Amino acid sequence: MNVQLDTECQKETEVITGFRSDVIEGLSGTPKKLFSKYFYDKTGDELFQQIMKMPEYYLTNCELDIFKNKTPELAQSILVNDAPFDLIELGAGDAMKSTYLLKHLVEKNIDFKYMPIDISGNILSVLNDKLRNELPTLDMTTLEGDYFDMLDKATSISTRRKVVLFLGGNIGNMDIEESYHFCREIKRKLSTGDVLIIGFDLKKNPHMILNAYNDPAGITASFNMNLLLRINRELEADFDITEFQHYQTYDPVSGACRSFLVSLARQDVHIGNNTFSFEEHELIDMEISQKFSENDITNLAKESGFHILENIKDSNRWFVDSIWQ
Ligand code: AVJ
């Protein structure tokens, strides 16, 4: 009993330490930077759910269109003679899209284990409750943590052919260099015959992309500000969010959609014993949501040792789920 408690406390401390050191390191650099993976505490999860419901945020509907209306195509591209396999989802969130695929596979009586991975324990418990209820026979193990740590864990549990889902345009949260490194690492962790499905948001009318991240209701701004509030709460800090303003950019040439918080005054912020000085107008680099051309995707697949089996697009051709082997 005590041993179990100890390891759980230890895990909690490790998680907070990682968060603290990432925040302190990020704010010590030039430009100041925070990692968007920390957006997703309980409030952050709720704000992202609101973002997905905004009319301007087209991404979710696009991928929903693919998973709802092209389920047989998706299933066909991942199954080999309906043989047993394991399905690992990186950044599963509430699995809104993948549930369509899961239902299809369960109905086809395919023998598979679903292993959703997410950094938010909160959203994993939401997902767990939802799927236990909707698909009671589903064989599922949820894994909370960073992509690679949990992918290692998932591949150590799995004994069968693997299919990895990485949806929602989550790859966009890496800059180009990181995404190349990420795909190479995935390739290294997979075996011949395994499949990777990655969702990419395509380059398109720049107004449309900027609007998706610069909503007039300010939900995206709150989503960014929430990380400052989380730091206040969890790391004994004193950010005054009225002294920061959200600023969003999209560069149609590089495809980088970037989110910043601008310091509205010269100010000091304390995090525990550390003090961070902000100049007036100084930026915190908060998030990148990279957009891709089909050429960018082909190059990324090739450079990381994959080949593209199929590209499945939504009916508007705004988003693609690319199937790699
Ligand atoms: C969850 C990473 C896909 O970048 O589009 C939405 C997060 N940030 N609005 C994205 C997000 C601001 C989202 N991803």
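Colleague: In which sense do β6 and strand β7 (residues 195–201) pair?

Modeller: The general idea is that strands of a sheet pair through backbone hydrogen bonds, either parallel or antiparallel. Here β6 and β7 pair in the parallel sense, over four bridges. Two strands count as paired if DSSP finds at least two bridges between them. Strands (E, at least two residues) and helices (H or I, at least four) are DSSP runs, numbered from the N terminus. Bear in mind that this is a predicted model: local features need pLDDT of at least 70, side-chain atom pairs count only at pLDDT 80 or more, and totals for chains, interfaces and linings use all residues. Residue numbers start from 1 along each chain as its sequence is written.

Colleague: Which residue is the bridge partner of V163 in β7?

Modeller: That's V195. On strand β2 (residues 85–90), which pairs with β6 in the parallel sense over four bridges, I88 stands opposite V164.

Colleague: How many residues of β6 are buried?

Modeller: Start with the rule: a residue is buried if 20 or more other C-beta atoms lie within 10 Å of its own, exposed if 12 or fewer, and partly exposed in between, with C-beta atoms placed from the backbone. In β6 (residues 162–166), five of the five residues are buried, so the strand is largely enclosed by the rest of the structure. K162, V164 and F166 point one way, while V163 and L165 point the other way.

Colleague: And which residues touch the most other members of the largest nonpolar core?

Modeller: In soluble globular proteins, nonpolar side chains tend to be buried together. A nonpolar core is a set of buried Ala, Val, Leu, Ile, Met, Phe, Trp, Tyr and Cys residues joined through C-beta atoms within 7 Å. The largest one here has 79 residues, and L87, I88, I117, V164, L165, F166 and L196 touch the most other members. Helix α10 gives the most to this core, with six residues.

Colleague: What does I88 touch?

Modeller: Contact means that two C-beta atoms, placed from the backbone, lie within 7 Å. Leaving out residues up to four places away in sequence, I88 touches M115, I117, L151, A154, K162 and V164.

Colleague: In what order do the four strands of the open sheet run?

Modeller: The order is β1-β12-β9-β8, with mixed pairing. β1 (32–33) and β8 (244–251) are at the edges with a single partner strand each, so one side of each has no neighbour in the sheet. Strand β9 (residues 256–263) and β12 pair in the antiparallel sense over seven bridges, and V262 has L283 in β12 as its bridge partner.

Colleague: Which residues surround the ligand?

Modeller: A residue is near a molecule if its C-beta atom, placed from the backbone, lies within 6 Å of it. The ligand is surrounded by I51, L59, G168, G169, N170, G172, N173, Y213, T220, F223, E287 and S289. Both α10 (219–234) and β12 (283–290) supply at least two residues of this shell.

Colleague: Is S222 buried, exposed or partly exposed?

Modeller: S222, in helix α10, is partly exposed, with 18 other C-beta atoms within 10 Å. S222 and G44 are 178 residues apart in sequence, and 8.9 Å apart in space, C-alpha to C-alpha.

Colleague: Where is E280 found?

Modeller: E280 is in the loop between β11 (274–278) and β12. With 11 C-beta neighbours inside 10 Å, E280 counts as exposed. Not counting residues up to four places away in sequence, E280 touches S263, A265 and R266.
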